[in-house]
Amino acid sequence: MLWKQRKDGEETPYTPLGPFKLRLPFLHYRFELPDYFQGLLMCAVDLAAIPLMVQYLGMPFEVALAVVILNGLLYLTHHLLGDPVVPGWITPAIPLMILFVTQFPEGDERVYALIAFQLTLGIFSIFLGVTGLASKVVKLVPNALKAGVILGAGFAAVISIFEVGGRFELFPITISITCVVAFYLIFSKHFAKLKARGGVWRVLANLGIFPIILLAIFIAPLAGEASWPQIQWGFSNPDFVTLFTEFTVFGLGFPPLMMFISSIPTVLATYIVLFGDVLQSKALVSEADEIRKDEKIDYDPNRAHLIFGGRNATMGIFGPDIVMCGPLWAAMQVVVIERYKDGKKAMHSIFGGSGSFRWGTNTGLLLLPVVSLVEPILGVALALTLLIQGYVSVRVGIMQARSQRDLGVAGIIGAVLATKGATWAFAVGIILCLVVYGKDFFKGDEEKEEFDYERTKKAQ
């Protein structure tokens, strides 16, 4: 086993494969059972994508399950090819995607729109990865516009839950209770102090949102908002035949050219959000690398672009997915890294942790008892994911702004994006940035301004 031969300060062994570094379980990295078993349970979050595909694409449950399983298999490509992360959805951009596809009539035209979007995003990401232009592209976008897009994604996430006909109307009690618990466990100062003491609090924190989903399984039936789970035994039954014949290019053919052109504004907005996840991936990995000197971790943003770009392009062909293919599942990446920091005995390599977790989620998706257990509350799991992401997106979007002017412009862009979509948001944003910043369109306000309360009061 090659993983045992790693010397302190070296990378975990790998097989060179062009720009990639191939690592296989048991051979190149130690299989980590704690992370595998957590993944086995946390597949419930992956399954939360199913209600979106059922609602907006008209997919039967078994067809949507096939999409989730296909996406799950592609999650494995990250650690197998040298990207030391736990990949996931492009969660902040899901509301942008919903706004885009709902501009088209339900049926073949809406599926065409999703296929065109995902193929365009995949090819664009691969191009940036091959050329190394990713960071340069994002630097060209004014801070106010970046802040507005991220803010708008947060607004849209919250609106999608509380709008008329939204999921809050279906699960008002369950969402209210679980949301309060989730925000307490993830964001509160009080729980952060408890977690620092270690023990059961640390274990609870490391479980991510799994305890909250488990809570929803009991609260929803008690509140009369969902049925009790009907546990079934055996293996899940994804319908790949219907997926390929009715929801992919194999049955529908390729979308018309105008579909690809109409997807470009949403692709650009999504990429701005997506690049934030790339930066977050690098920051989290660097943090782990500083503590674990025994393993050198090589995180390459260009390689990450090639992998998640390839995933999006593949799903665009074989199983268009409304949650898309992102570079990071931030919550679980943090959980894996916290265990990794405990030393070599706890987790020999970060690839063992991230890889074993994703092997676990893939196993869970195939087990009918797991799928049937969480099926009644998948709408709640999705609502929690979007509300948490809404909180994070608003916070990150505001931090992108460098001044009060940036914040004002960003607020208008965000509101337009959440109500009218990416095309209108970009048009409004470009005009506002030209009017407000003029020749400093790309530079904007470089330094953060101090908020002068008295000056603002006088101006009013």
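At what angle do helix 7 (residues 143-162) and helix 21 (residues 404-420) pack, and how far apart are their axes? Select both ranges in this predicted model. The two helices pack at an angle of about 45°, and their axes lie 7 Å apart. Helix 7 is therefore oblique to helix 21. The crossing in which helix 7 passes helix 21 is right-handed.

Next, display the side chains of this contact. The residues of the contact of helix 7 with helix 21 comprise 15 nonpolar, five polar and one charged.

Now move to helix 3 (residues 61-80) and helix 16 (residues 301-318). Their axes come within 10 Å and cross at roughly 160°. This angle makes helix 3 roughly antiparallel to helix 16, since angles over 145 degrees count as such. Helix 3 also passes helix 16 in a right-handed crossing.

To inspect this second contact, select Val67, Leu70, Asn71, Leu74, Tyr75, Thr77 and His78 in helix 3. Their counterparts in helix 16 are Ile307, Phe308, Arg311, Thr314, Met315 and Phe318. The contact of helix 3 with helix 16 comprises eight nonpolar residues, four polar and one charged.

Finally, select the cysteines Cys179 and Cys433. Are these residues buried or exposed? Cys179 is buried, with a relative accessible area of 17%, because buried means under 20%. Cys433 is likewise buried, at 0% relative accessibility. The structure holds zero disulfides.

Methods. Residues are numbered from 1 along each chain as its sequence is written. This is a predicted model: local features need pLDDT of at least 70, side-chain atom pairs count only at pLDDT 80 or more; totals for chains, interfaces and linings use all residues. Side-chain values use heavy atoms; hydrogens and water are left out. Axes are lines fitted to C-alpha atoms, for helices over the stretch in contact, and angles run from 0 to 180 degrees between N-to-C directions. Helices (H or I, at least four residues) and strands (E, at least two) are DSSP runs, numbered from the N terminus. Angles under 35 degrees count as roughly parallel, over 145 as roughly antiparallel, 65 to 115 as roughly perpendicular and the rest as oblique. A crossing is left-handed if the near helix is turned anticlockwise from the far one by less than a right angle, and right-handed if clockwise. Contact means heavy atoms within 4.5 Å. Ala, Val, Leu, Ile, Met, Phe, Trp, Tyr, Cys and Pro count as nonpolar, Asp, Glu, Lys and Arg as charged, and the others, Gly among them, as polar. A disulfide is a pair of cysteine sulfur atoms within 2.5 Å. Buried means under 20% relative accessible area, exposed over 50%, partly exposed in between (1.4 Å probe, protein chains only).
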